[in-house]
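Let's take a friendly walk through a protein model, one part at a time. Keep the sequence and the 3D view open as you read.

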Amino acid sequence: MPKLHALELVPDDDGRARVRELWGALQEAGLPSQADHTKASNQPHVTVVEAPEIPDAAIDVARARLRGMLPVTATARGVLLLGGDRVTIALGVDLHDDVVRRVLAVRVQVPDRAHRGWLPHVTLARRVPRADLDRALEVVGAPEIELRLTEVRRWDPDKGHVTTL
C-alpha cells in the first residue's frame, strides 16, 4: 500500500491536550494508543483527505475554503469502532454544515482519495485486538470534547514532515 499524504484540521493546544489525555489513559492501561507514536508529526487531528498524492488544486481549495473559516468549533463525542480483526477506536466529530461543505470542496479535488466518503473523527487508537475492546471502551468512557480547530496542515510522508497551510 502506498504512503498516504493528508490534509488535516488541527485543534488548538487545549483540544490537543484533551485528546492526549485519552491517548495517555489507553497507554497507561497497556492498550494500543496513538500516544505510542512519538514522532512530532503525530498530533490529534481531523483528516480532511488522504491519498497517494494531494494535487495542487486541492491545496489551493484548502487554502481558500478551509483556512479562511478558521478557527471553528467542533465537538468530539460518540465512540466509533472501525475495522475488522483489529479495530480503530475514534471519537466522531460534529461539525457545522458549512465546514462539511468546505471539506467536500477540497475532497473532490483529490481523485485518488483513500476513502469514498468522509467520516470526521479523531483517532484514539489503532489496531486494537477485538479481545481488548471492552477494556478499551471502559478506559475511554463517553467523553465530550470541544475542539477549536485552528489550522490546516499537510502531511507529506515522502518527506516525513508537516506544513501548515
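This is a predicted model: local features need pLDDT of at least 70, side-chain atom pairs count only at pLDDT 80 or more; totals for chains, interfaces and linings use all residues.

## Finding your way around

Helices (H or I, at least four residues) and strands (E, at least two) are DSSP runs, numbered from the N terminus.

Residues are numbered from 1 along each chain as its sequence is written, and side-chain values use heavy atoms, with hydrogens and water left out.

## Where α1 meets α4

Start with helix α1 (residues 13-28) and helix α4 (residues 133-140), whose axes come within 9 Å and cross at roughly 140 degrees. That makes α1 oblique to α4. Here is how the words work: axes are lines fitted to C-alpha atoms, for helices over the stretch in contact, and angles run from 0 to 180 degrees between N-to-C directions. Angles under 35 degrees count as roughly parallel, over 145 as roughly antiparallel, 65 to 115 as roughly perpendicular and the rest as oblique.

Which residues of α1 and α4 meet? On the α1 side they are Leu 22, Ala 25 and Leu 26, and on the α4 side Ala 136, Val 139 and Val 140; contact means heavy atoms within 4.5 Å. Sorted by class, the contact of α1 with α4 has six nonpolar, no polar and no charged residues. In this sorting, Ala, Val, Leu, Ile, Met, Phe, Trp, Tyr, Cys and Pro count as nonpolar, Asp, Glu, Lys and Arg as charged, and the others, Gly among them, as polar.

## Helix α3 and its partner α2

Now look at α2 and α3, which pack at an angle of about 165 degrees with their axes 8 Å apart. That makes α2 roughly antiparallel to α3. From α2, the contact is made by Ala 58, Val 61, Ala 62, Arg 65 and Leu 66; from α3, by Arg 102, Val 103, Ala 105 and Val 106. By class, this contact of α2 with α3 has seven nonpolar, no polar and two charged residues.

Helix α3 (residues 97-107) has these buried residues: Val 99, Arg 102, Val 103, Ala 105, Val 106 and Arg 107. Buried means under 20% relative accessible area, exposed over 50%, and partly exposed in between (1.4 Å probe, protein chains only). The buried residues of α3 pack against β1 (5-11), β2 (46-51), α2 (56-66) and β3 (72-83).

## A closer look at Arg 102

Arg 102 belongs to helix α3. Which residues does Arg 102 touch, not counting residues up to four places away in sequence? They are Arg 65, Leu 66 and Met 69. A polar atom of the Arg 102 side chain lies 2.6 Å from the backbone oxygen of Arg 65.

## His 5 in strand β1

His 5 is found in strand β1. Is His 5 buried or exposed? His 5 counts as buried because its relative accessibility is 6%. Leaving aside neighbours within four places in sequence, the contacts of His 5 include Val 49, Ile 54, Trp 155 and Pro 157.

The side chains of His 5 and Asp 158 are joined by a polar contact of 2.9 Å. A polar contact is a pair of N or O atoms within 3.5 Å; within protein, one must be able to donate a hydrogen and the other to accept it, and residues adjacent in sequence count only if both atoms are side-chain atoms.

## Loops and backbone details

Return to Ala 40, which is exposed, with a relative accessible area of 70%. Ala 40 and His 161 are 121 residues apart along the chain, and their C-alpha atoms are separated by 8.8 Å. Asp 112, in the loop between α3 and β5, is exposed, with a relative accessible area of 56%. Asp 112 touches Glu 50, Ala 51 and Pro 52, not counting residues up to four places away in sequence.

In the loop between α2 and β3 you will see Pro 71, joined to Leu 70 by a cis peptide bond with omega about 0 degrees. Arg 127, in strand β5 (residues 121-129), has a phi near 55 degrees, a positive value in a residue other than glycine.
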